[in-house]
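This briefing covers a pocket, a strand and a loop residue. Please keep the sequence and the 3D view at hand while reading.

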Amino acid sequence: MRLLVSLFCLLAFSSFLSLTADAAHASAWDGVYNQRLLMQRPTPKGDFQKLVVPVRSVGNLIIVEATIDGLRGNFILDTGAPYLVLNATYFRDYEEVPDFTSTDINGSVQNQKVARVGKLKINELYYENLEADVSDLSNIENKRGIKILGLLGLNLFMRTEMEIDIRAQQLLIYKVDRKGNRLAFKEVDEADYSLNFEMYNNAIIAPGMINGVELSFCFDTGAEAVLLDNNLPEEVYEVVSIRSRRALIGAGGGQTEVLYGTLLSLNFMAPLQACQVLVTDLELIGKAYGYQVAGFVGNDLLRQGVVSLNFRKKEMRINRYKGL
C-alpha cells in the first residue's frame, strides 16, 4: 500500500487531499508513505549558491515562473503540498495508477494519475527525473483568472534553505551542507522571532497559541486564510468572530459548509491579529499527515516579514517588516 498526499488550503474555499483507497488502515500508512517520500527528496542542481527568484502575488497566492519539460508557466509555491503537483488540464497523457485514488476534503473520490517529469527548471535551479501527482487545479484557475501549471511542493526545497519575501516579491534559495549551513553567505541576520518545527509526512508542524491554548499548526504557503479545526477547546473560539457560512469546494467537486470569520489573535512564531479564518473538520487531513493539527497558517505570517525555512536544521525564522 502506498500513500499520496497533496494539500492546498485556499480562501477560494478549495482544499485537495490524496489518499489510498483503503482509509481504514490509516495506522499502516506512515511506513510506506515515508519510504516513498525518502525517495522523493530530489537534489537541487545548478551553478549557484544563492539564487534570487522573482515571485508575484495573485490574491494571497505566491506565483513562481518555472519550466517543466520545455513548457513554461505559473506555479504556486505551496509548502502544504508534500511534492510536485501538475495541473491535469495541461498534463493529460500520464499513467493512471490503479492502486491510487484521490479524495478531496469533502469525500469525492477519483483515480490518481502520476507523472514522471524529465526536468523542472526555476531560473538556474533545476531538478531531474521527478515524480509528480497530476490533479485537477481548475478551481484555482477559475477563481483567480490565471493559468496555473502546478504546485511547487515542499520536497523540492528540503535540501536547501529558503527565504520568502513577499514585500520584495522574491524567493531566495540557498544551497546548504549536511548540517544545514549555507555554502556561501555565512552571515545570517539575527531573527526577530524563531522556532523549531517538526516534519510529519512532509508537512511543517510547529507550535502556536490561541487565547492561552497551545496548539500545533501546519505552515502552508498556499493557505490564503487561517484554517482551524472545529473540535478545539472552547477557549479558542472565544477569540473567533463568525460572520457567515461559506461553501468549501473540494477538488473533486463536492461541497461542504464551513464557518467564515475573523480570528482576533494568534501567536504563531510572531503575534498575528485580525486574521481571516475558516473553521471546518480537519480529521481527514490529520489522518493523512499521521498527526492531528489544529489548523493551517500561511499568508497571515508571510505578510509580517521575511520568513526563512531551514529544513536541515528544522528551524523557521522571521524578520519583521519595518512599520509593523
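A pocket here is an open set of grid points with protein on both sides within 12 Å along at least five of seven lines. The model is predicted, and its largest pocket holds about 230 Å³ of space.

**The largest pocket**

- The lining of the largest pocket is made up of 13 residues, and Glu163, Asp189, Val306, Arg317 and Asn319 are the closest to the centre.
- Two elements, strand 22 (305–310) and strand 23 (315–320), each give two or more residues to this lining.
- Strand 23 provides the largest share, with three residues.
- Sorted by class, the lining has seven charged, four nonpolar and two polar residues.

- Strand 17 (226–229) is covered on both faces.
- Val226 and Leu228 lie on one side of strand 17, Leu227 and Asp229 lie on the other, and all of these are buried.
- With strand 20 (residues 270–280), strand 17 pairs in the parallel sense over four bridges.
- Within this pairing, Leu228 stands opposite Val279 of strand 20.
- With strand 21 (residues 295–297), strand 17 pairs in the antiparallel sense over two bridges.
- Here Leu227 has Phe296 of strand 21 as its bridge partner.

**Glu224 in the loop**

- Glu224 belongs to the loop that runs between strand 16 (213–219) and strand 17.
- Glu224 counts as buried because its relative accessibility is 2%, and buried means under 20%.
- The side chain of Glu224 reaches the backbone nitrogen of Asn60 at 2.9 Å.

Notes
Residues are numbered from 1 along each chain as its sequence is written. This is a predicted model: local features need pLDDT of at least 70, side-chain atom pairs count only at pLDDT 80 or more; totals for chains, interfaces and linings use all residues. Side-chain values use heavy atoms; hydrogens and water are left out. On a 1 Å grid over the protein atoms alone, a cavity is a set of points where a 1.4 Å probe fits but cannot get out, and a pocket is an open set with protein on both sides within 12 Å along at least five of seven lines; lining residues have an atom within 4 Å of a point. Grid points are joined across faces, edges and corners, and a volume is the space filled by probe spheres set on the points. Ala, Val, Leu, Ile, Met, Phe, Trp, Tyr, Cys and Pro count as nonpolar, Asp, Glu, Lys and Arg as charged, and the others, Gly among them, as polar. Buried means under 20% relative accessible area, exposed over 50%, partly exposed in between (1.4 Å probe, protein chains only). A polar contact is a pair of N or O atoms within 3.5 Å; within protein, one must be able to donate a hydrogen and the other to accept it, and residues adjacent in sequence count only if both atoms are side-chain atoms. Two strands pair if DSSP finds at least two bridges between them.
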